[in-house]
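Reader: Hi! Could you walk me through the charged pairs in this one, and then we'll look at a helix?
Author: Happy to, let's open it up.

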Amino acid sequence: MKTTGKNPRPAQPLRQITVDAGLLPKAPDAKRGQAAADRPATATVNIVAPVHPAVSAARLQMKQQAMTSALRKVGAAVDSGEMPAAEAKRLVLGRVVRGLGSVEAAEKWYRSHHIAELGGRTPAQLVRAGELKALLGHLDTTKAGSKA
């Protein structure tokens with residue numbers, strides 16, 4: 001059989017699953033008299049599915065288009081002031097959590113930190129008042145997560 005020089009299995013996603021070890025062939029270096037209790041009950045197996053590079057590229061492009069579309073929708077909701085308060089809170093917390101170190105610290109900041117530049121109100125008060133755009137602008141100018 002002649003090979004064409006092409007890799008028959010191009011870039012592939014890899015998935016690991018756990019199966020009953022009794023279903024797998026025994027390893028050649030395993031002891032012949034090894035008791036069943038000494039063998040592990042489960043084993044991890046790699047499952048490989050060939051994916052053509054064009055398919056991978058198309059999937060990546062679709063993910064990028066979906067992300068761009070979602071970002072445009074969020075931007076439009078922020079600009080129009082029509083974003084629900086719960087989603088606005090998640091957006092603000094997502095922006096500051098990395099700078100503050102934890103979700104708990106971001107939640108405390110959101111509820112209790114008074115921002116002098118925005119009338120001494122807390123981010124929670126600003127979101128409830130529908131001033132999300134001003135709050136996000138403030139976060140952009142203060143590096144989105146420092147204790148402004």
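Predicted model: local features only at pLDDT ≥ 70, side-chain atom pairs only at ≥ 80, totals over all residues.

Reader: Which residue does Lys89 form a salt bridge with?
Author: Its partner is Glu107, and the closest N and O atoms are 2.9 Å apart. Lys89 sits in helix 2 and Glu107 in helix 3, so the pair ties together parts 18 residues apart in sequence.

Reader: And which residues are linked with each other in a network there?
Author: Lys89, Glu107 and Arg111 are linked by salt bridges. Glu107 pairs with Arg111, with 3.0 Å between the closest N and O atoms. Those two are four residues apart in helix 3, about one helical turn.

Reader: Is Arg111 buried or exposed?
Author: Arg111 counts as exposed, at 52% relative accessibility. Lys89 is partly exposed, with 22%.

Reader: Nice. Changing topic: which residues of helix 5 are buried?
Author: In helix 5, residues 132–141, they are Leu132, Leu135, Leu136, His138 and Leu139. Down the helix axis they fall within an arc of 155°, so they line one face of helix 5.

Reader: What do they pack against?
Author: The buried residues of helix 5 pack against helix 1, helix 2, helix 3 and helix 4.

Reader: Which residues are exposed on the other side of helix 5?
Author: Asp140 and Thr141 are exposed there. Just after helix 5, Lys143 has a positive phi of about 70°.

How values were computed:
Residues numbered from 1 in each chain as written. Heavy atoms only, no water. Buried < 20%, exposed > 50% of the residue type's maximum accessible area, 1.4 Å probe, protein only. Arc of directions from axis to C-beta. Contact = heavy atoms within 4.5 Å. Salt bridge = Lys/Arg side-chain N within 4 Å of Asp/Glu carboxyl O.
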